[in-house]
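Welcome to this short tour of a structure.

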Protein chains: 2
Amino acid sequence: MSETFKSQNFQREAELAWEHADEGIERQIYGYDNRVMMVKVKFEKGAVGSVHEHPHTQVSYVESGVFEITIADEPQVLRKGDGFYVPPNTLHGALCLEAGVLIDVFSPHRADFL
Amino acid sequence: MSETFKSQNFQREAELAWEHADEGIERQIYGYDNRVMMVKVKFEKGAVGSVHEHPHTQVSYVESGVFEITIADEPQVLRKGDGFYVPPNTLHGALCLEAGVLIDVFSPHRADFL
């Protein structure tokens with residue numbers, strides 16, 4: 001991965017494309033290089049981020065809304081201002097209880113998102 | 001760095017300690033392991049995150065407020081919903097124009113914050 005693999009320095013929400021991620025779920029790609037990638041994920045109420053795993057570390061912030069987040073079979077309800085950490089290769093999923101946004105950050109970056 | 005170096009899986013805003021970072025600036029530590037660390041940084045209006053650099057990649061999200069962010073001598077005004085990327089070893093700083101919060105993520109983690 002070359003050092004020139006990276007996003008622009010500034011991201012403006014109004015200019016970033018929205019991508020369909022899953023039913024009721026859309027995302028925008030924020031800053032990234034080979035080490036790390038920030039993604040905004042918008043959920044409609046009732047949308048489900050199915051249980052899955054990946055080799056990346058994930059750290060997330062609840063920007064708005066209410067979510068039931070399950071990590072390694074432990075579910076917890078998180079609200080705006082809370083956060084969570086997903087170790088590499090650990091099953092996790094999200095159920096949106098009130099429409100909102102997660103700020104997900106992956107390390108290394110998600111090549112499958114580009 | 002052992003694999004057991006990591007945060008709890010869930011972070012609740014109300015339970016996280018606030019640390020004094022600089023004049024008018026406080027922070028809370030969210031999820032982390034050796035690869036990555038998420039930090040919430042709350043600024044009062046007029047607070048200055050002095051220009052500095054570090055070997056970590058940084059990706060940030062403007063959770064609220066308005067900031068003038070300078071990266072490699074280029075200043076831009078960013079608002080809630082915008083974001084920025086700071087390459088490793090690149091001078092950057094922040095001036096808070098309206099009180100708000102940045103979600104800063106560093107890769108690798110900031111050992112100096114623990």
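Two residues count as being in contact if their C-beta atoms, placed from the backbone, lie within 7 Å. With that in hand, the contact between the two chains takes 31 residues from chain A and 31 residues from chain B. By class, the side of chain A that touches chain B has 14 nonpolar, 10 polar and seven charged residues. Here Ala, Val, Leu, Ile, Met, Phe, Trp, Tyr, Cys and Pro are nonpolar, Asp, Glu, Lys and Arg are charged, and the others, Gly among them, are polar.

A word on what you are looking at: this is a predicted model, in which local features need pLDDT of at least 70, side-chain atom pairs count only at pLDDT 80 or more, and totals for chains, interfaces and linings use all residues. Residues are numbered from 1 along each chain as its sequence is written, while chains are lettered from A and ligands numbered from 1 in the order in which they are written.

**The chain itself**

Chain A has nine strands and zero helices. Both kinds of element are DSSP runs numbered from the N terminus: helices are H or I with at least four residues, strands are E with at least two. Buried residues make up 42% of the 114 residues in chain A; buried means that 20 or more other C-beta atoms lie within 10 Å of the residue's own, with C-beta atoms placed from the backbone. Of the contacts in chain A with a separation of 6 or more, 64% join residues 24 or more positions apart. Along its principal axes, the C-alpha trace of chain A spans about 40 × 30 × 25 Å.

**How the copies meet**

A rotation of 180° with 0.0 Å of shift along its axis places chain A on chain B, with an RMSD of 0.0 Å. That is the relation of a two-fold axis. The C-alpha of A:Glu63 is the nearest to the axis in chain A, at 3.4 Å. The superposition is by least squares on the C-alpha atoms of residues with pLDDT of at least 70 in both copies.

The copies meet through the same surface, because 100% of the interface residues of chain A are also interface residues in chain B.

Each of these strands of chain A supplies at least two residues to the side that touches chain B:

| Strand | Residues |
|---|---|
| β1(A) | residues 10-11 |
| β3(A) | residues 25-32 |
| β6(A) | residues 57-71 |
| β7(A) | residues 74-79 |
| β8(A) | residues 83-86 |
| β9(A) | residues 92-107 |

β6(A) gives the most, with five residues. Strand pairing also crosses between the chains: β8(A) and β1(B) (residues 10-11) pair in the antiparallel sense over two bridges, where pairing requires that DSSP finds at least two bridges. A:Gly83 stands opposite B:Gln11 in β1(B).

Definitions and conventions: A residue is buried if 20 or more other C-beta atoms lie within 10 Å of its own, exposed if 12 or fewer, and partly exposed in between; C-beta atoms are placed from the backbone.
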